Amino acid sequence: MKVLLAVLKQIHKPALCTGNPRCLSSGATSGLLPFRDEAPMVGSRPELVQKLSSQVEVRTDFITEEEEAAFLRELDPGLKKKRYEFDHWDDAIHGYRETERLTWGAACEEILNRVRSTAFPEGSQLLGPVHVIDLDKTGYIKPHIDSVKFCGSTIAGLSLLSDSIMRLVKEDTPSEWLDLLLSRRSLYILRDQARYQFTHEILKDEESVFNGQRVPRQRRISVICRNLPG
Ligand code: OGA
Ligand code: MN
């Protein structure tokens, strides 16, 4: 657990309001440019979306409803014993409980192996425990970059129970940003520059608007696999 807390300790202060997407009023969508009709990704410039498309993937419906239920059966009893944390103002995450798990039942292990073979090159050294974050409906994850000390070049996460929006903002150029629609049961993968040079965050319910469309946030569980630093 200590490692996972360390993973998140690099909190980034909200960027100033110069072309930053969080400063768009709802409905002000003129800066949002879809990459492809179906791509659940919009950004500040089409060139940026294009450039990052090899480093940011969202696979819609990566798992089935039955597979989502298998994770719930395995995770919910343990999670329910914990309280959601709301009061640590300096935490990178607000309104959450978390756990990590090294060994899984057969059904979940099979799904996780599919995640691993999709996201990581064969033979990659992975972080042993899988990280699980349970965000309350009112919970959110503030902009941060995962610790380079503990995590390698690739982060892969399954989203359970709720759609959500992940926002990437270039650390040294906050006008450069990308929003990903993480639909329920999708898999996202962040690699290389998208992982090292952009902060990522999960928007709170009130801000959860994708390309002008409201995306209500419910309780959301993420199951995250990472590799080790090279
Ligand atoms: C993290 C993180 C995103 C998610 O734990 O570092 O960014 O999908 N999580 O929960
Ligand atoms: Mn992170």
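Before you click anything, one definition: on a 1 Å grid over the protein atoms alone, a cavity is a set of points where a 1.4 Å probe fits but cannot get out, and its lining residues have an atom within 4 Å of a point. Grid points are joined across faces, edges and corners, and a volume is the space filled by probe spheres set on the points.

What you have open is a predicted model: local features need pLDDT of at least 70, side-chain atom pairs count only at pLDDT 80 or more, and totals for chains, interfaces and linings use all residues. Residues are numbered from 1 along each chain as its sequence is written, chains are lettered from A and ligands numbered from 1 in the order in which they are written, and side-chain values use heavy atoms, with hydrogens and water left out.

**Whole chain**

Start with a cartoon view. The chain comes to five helices and 13 strands, where helices (H or I, at least four residues) and strands (E, at least two) are DSSP runs numbered from the N terminus. Of its 230 residues, 52% count as buried; buried means under 20% relative accessible area, exposed over 50%, and partly exposed in between (1.4 Å probe, protein chains only). Now for contacts, meaning heavy atoms within 4.5 Å. Among those between residues at least 6 apart in sequence, 80% join residues at least 24 apart.

**The largest cavity**

The structure holds two cavities of 30 Å³ or more, and the largest has a volume of about 130 Å³. Select Ile141, His144, Tyr188, His200 and Ile224: of the 15 lining residues, these are the closest to its centre. Which elements give two or more residues to the lining? They are strand 5, strand 10 (198–202) and strand 13. Strand 13 provides the largest share, four residues.

**The largest core**

Next, show side chains for Phe71, Leu75, Trp104, Leu158, Leu160, Ile221 and Val223. In the largest nonpolar core, which has 25 residues, these touch the most other members. A nonpolar core here is a set of buried Ala, Val, Leu, Ile, Met, Phe, Trp, Tyr and Cys residues joined through side-chain atoms within 4.5 Å. At least two core residues each come from helix 3 (65–80), helix 4 (106–119), strand 5 (130–144), strand 6 (154–160), strand 9 (187–191) and strand 13 (220–226). Another core, of 24 residues, lies apart from this one, and Leu48, Tyr96, Leu178 and Leu180 are among its members.

**Helix 3**

Select 65–80. Its buried residues are Glu67, Glu68, Ala70, Phe71, Leu72, Glu74, Leu75, Asp76 and Leu79. What covers them? The cover includes strand 4 (93–101), helix 4, strand 5, strand 6 and strand 13. Zoom in on leucine 75 and, leaving aside neighbours within four places in sequence, you'll find it in contact with Arg101, Trp104, Val132, Ile221 and Val223.

Then look along the axis. Helix 3 bends by about 35° at glutamate 74, with proline 77 following within four residues; the bend is the angle between axes fitted to the seven residues ending there and the seven starting there. The end-to-end span still agrees with expectation: at 1.5 Å a residue, the 16 residues should span 22 Å, and the end C-alpha atoms are 21 Å apart. The expected span is 1.5 Å times one less than the number of residues.

- Valine 115 sits in helix 4 and, at 1% relative accessibility, counts as buried. Leaving aside neighbours within four places, valine 115 is in contact with Phe62, Ala156, Leu158, Leu187 and Cys225. Its C-alpha is 8.0 Å from that of cysteine 225, 110 residues apart along the chain.
- Glutamate 176 is in strand 8 (residues 173–182) and is buried too, at 15% relative accessibility. Outside four places in sequence, glutamate 176 is in contact with Ser44, Arg45, Leu48, Leu168, Val169, Lys170 and Phe198.
- Proline 229 lies in the segment after strand 13 and is partly exposed, at 33%. Not counting residues up to four places away, proline 229 touches Val148, Lys149, Phe150, Cys151 and Gly152. The C-alpha atoms of proline 229 and cysteine 151 are separated by 5.3 Å.

**Last stop: backbone angles**

Leucine 161, in the loop between strand 6 and strand 7 (164–170), has a positive phi of about 75° although it is not a glycine. Asparagine 211, in the loop between strand 11 (209–210) and strand 12 (213–214), has a positive phi of about 55° and is not a glycine either. Asparagine 211 is partly exposed, with a relative accessible area of 32%.

Methods:
On a 1 Å grid over the protein atoms alone, a cavity is a set of points where a 1.4 Å probe fits but cannot get out, and a pocket is an open set with protein on both sides within 12 Å along at least five of seven lines; lining residues have an atom within 4 Å of a point.
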